[in-house]
Amino acid sequence: MIVTIDGVAASGKSSVSSGVAQALGVPYVSSGLLYRAVTLLGLNAGADLADPSALLPLLSAVRLEPLASGNRVWNADHDLTADLHSTRVDGGVSTVAALPEIREWVDAQLRALPAPLVAEGRDMGTNVFPHAPHKFYLTASPRVRAERRARERPEDIPAIEAALTERDRQDTTQSAPAPDARIIDTGPLTLQGVIDTILNDLR
Ligand code: CDP
């Protein structure tokens, strides 16, 4: 069984997916972390983030560890996870995610993982796991999302809101909800409320 949880930037996908996966006793995978890892390695190497031939050689030892408590990304024996949620990576990741060659690489990493699992991102229900029997799509207003993310970033809420809106715009192509996804507005719900909504639907 595969459950897909897609949605716009900072809609709560990772926390919700982790909670759903733990309740089901299965792993969850965060596809965004892989795009973030490519971005971090590209930035650290001084590579052109729009040039897949500069990025792909950096990825041979990158591996996603889908722990239920929180995914980790490794480059050989170096844990990249703590550096993946910086404003610097936020600013470059949509450029990287627009490259078909990088999307193919991420998709291959995800499809190699054994089911059952909860998969979280933008195109899990449309492109990577189109036959998944359970699909969800999380939304919330830009202001609500910026207020949530302000707990994890140093910038103020208007700056975060502007950056989120710009990333949504750059991610439009891969962010369309699957026609068979249940759309959940997380604005009025608590984290546990979103998790329970999904678990009730699965039952
Ligand atoms: O947590 P947040 O929603 O801010 O971001 P994320 O899920 O970690 O994804 C980071 C970026 O990766 C997104 O802004 C997209 O550019 C890209 N992404 C994507 O294109 N497709 C996915 N399935 C997941 C992420």
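A residue counts as buried here if 20 or more other C-beta atoms lie within 10 Å of its own, with C-beta atoms placed from the backbone. The legends below describe a predicted model.

**View 1. Helix H8 buries three named residues.** They are Ile160, Glu161 and Leu164. Seen down the axis of H8, the buried residues fall within an arc of 100°, so they line one face of the helix. Helix H7 (142-149) is part of what covers them.

**View 2. The other face of H8 is turned away from the buried side.** Pro158 and Arg169 sit on this face, and both are exposed.

**View 3. Helix H8 spans residues 157-170.** The helix has 14 residues. From first C-alpha to last, H8 reaches 20 Å. That is close to the 20 Å expected at 1.5 Å a residue.

**View 4. Three strands form an open sheet.** Their order is S3-S4-S5, and the pairing is antiparallel. Strand S3 (62-65) and strand S5 (78-79) stand at the edges. Each has a single partner strand, so one side of each is left without a neighbour in the sheet.

**View 5. Strands S3 and S4 are joined by bridges.** S4 covers residues 72-75. Four bridges link S3 to S4, and the two strands run antiparallel. Glu65 has Arg72 in S4 as its bridge partner.

**View 6. Helix H2 packs on the sheet.** H2 takes in residues 31-45 and touches S3 and S4. The direction of H2 makes about 35° with that of S4.

Conventions:
Residues numbered from 1 in each chain as written. Predicted model: local features only at pLDDT ≥ 70, side-chain atom pairs only at ≥ 80, totals over all residues. Pairing = 2+ DSSP bridges. Contact = placed C-beta atoms within 7 Å. Axes fitted to C-alpha atoms, helices over the stretch in contact; angles between N-to-C directions. Expected span 1.5 Å × (residues − 1). Buried ≥ 20, exposed ≤ 12 C-beta atoms within 10 Å, placed from the backbone. Arc of directions from axis to C-beta.
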